[in-house]
Amino acid sequence: MSTRYDAVVVGLGAFGSQALWALARRGLRVAGIEQFPLGHALGSSHGVTRLFRVACLEHPGLVPLAQRSLALWRELEDTACTPLLDQTGGLMAGPPSGRAVGGTRRAAAAHHLDIEDLTVEQLRDRFPQHAGLPDHYEGVWDPGAGVLRPEAAIGAALDAARALGATVLEGVRVTGLTDGGVATALGTVHAEQVVVTAGPWLSDLVPQVATTVRRVPLTWFGTRPGYDPAAFDLKAFPVFIRHYDDERTIWGHGAALGEPAKVGLSPDPDQQPAVHPDTIDRSVDAATDWARLGTVLKRTLPGLDPTPAKARPCMITMSADGQFVVGRLPGRERVVVAGGCSGHGFKHASGVGDVVARIVADENQVLDAAFLDPARFS
Ligand SMILES: Cc1cc2nc3c(=O)[nH]c(=O)nc-3n(C[C@H](O)[C@H](O)[C@H](O)COP(=O)(O)OP(=O)(O)OC[C@H]3O[C@@H](n4cnc5c(N)ncnc54)[C@H](O)[C@@H]3O)c2cc1C
């Protein structure tokens, strides 16, 4: 292909679609390449909703990224004239020393966020859907939390990028990075810089960034007979993360956007060994996908039917330290990577897209993203 782009973005899921939009907004000549049809359900970004949180329990440094992402999600909503994020507030519950409560409090304290501390009595009173809360549990209410629409957000960013002149190629697999761009079955796409946002396929194209991919299902649950379905609407049963003493976590939210309540369980490396995204099992079954979660639900959310109304396979791409990997690739200065979502990346995708575009365009960063730099593994 004869056109020479300022940058080519490989992979148009969460991070790639937002990076393409951010690059196109800067007036750069950009192309995005996606191996599957746009809006596919074969990566990590399908399944109608994702949790959004501001007081990020995973790392205090993610709070400014979430705040920046929030502003950009609102800009994208305005650009696309479509709702993408519903800020309902969210509940973190568990032992005070655990990640959900302790991590959220640490992040909020570091950035002076308004959060509300809840005693176990207040938890039981305000959220009666949550059963089996031991006396030593506490809660934190994050008013900035809510529910994002991932498929709509990707579509909106790609439309916005195209409206600004970006080229989008779908159904084209990038087979390798070259000195002057990327190789595809259609020939070389020439570009000054390459942005690799290949999600679960990241380490195939950039083996320098080690990731582990785990197959983790998305599961939706209806209410059991005798329970009021309205008690499990998004309004009554908002976004939550509940942490157990044994380090397991369940997360989810009430019925929204035509789907019943969505609940998931943190992956167990023994039950969910590392996989390759080209060969993962795309079917779902009780033993692999919801037997463990169903047992937990009976004790903790007894109003939900422990057999899911719907289940879909999905993938989490873990980096070596559980944080994203965003920055220039050491030793390959024309290559920028953004990946290693580690199961909590969608909410930050618009902010990550902005960080990537600032790197490519050689602009000052507006927030400290050094803790995400791939050089930390060198
Ligand atoms: C069960 C589950 C629940 C989650 N819940 C949340 C949540 O509540 N909140 C939250 O913030 N995050 C959540 N996440 C994480 C979030 O979904 C991911 O962080 C995010 O979707 C990752 O985006 P990505 O761009 O890295 O990957 P993807 O969206 O998968 O995009 C990668 C893209 O690159 C393409 N690609 C790969 N290789 C090539 C190639 N060689 N050539 C061309 N194209 C290529 C792929 O086809 C794909 O479209 C969850 C994840 C899972 C699995």
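Strands β10 and β11 form a hairpin with 2 residues between them; strands here are DSSP runs of E of at least two residues, and helices are runs of H or I of at least four, both numbered from the N terminus. In this predicted model, local features need pLDDT of at least 70 and side-chain atom pairs count only at pLDDT 80 or more, whereas totals for chains, interfaces and linings use all residues. Residues are numbered from 1 along each chain as its sequence is written, and side-chain values use heavy atoms, with hydrogens and water left out.

β10 (residues 174-178) and β11 (residues 181-184) run antiparallel and are joined by 4 bridges; pairing requires at least two DSSP bridges between two strands. Thr-184 in β11 is the bridge partner of Val-174.

The largest nonpolar core contains 54 residues, and Leu-20, Trp-73 and Val-356 have the most contacts inside it. Such a core is a set of buried Ala, Val, Leu, Ile, Met, Phe, Trp, Tyr and Cys residues joined through side-chain atoms within 4.5 Å, buried meaning under 20% relative accessible area (1.4 Å probe, protein chains only). Elements that each supply at least two residues of this core include β1 (4-10), α2 (62-80) and α9 (349-360). Helix α1 gives the most, with 8 residues. Leaving aside neighbours within four places in sequence, Leu-20 is in contact (heavy atoms within 4.5 Å) with residues including Val-9, Val-30, Leu-158 and Val-168.

Definitions and conventions. Buried < 20%, exposed > 50% of the residue type's maximum accessible area, 1.4 Å probe, protein only.
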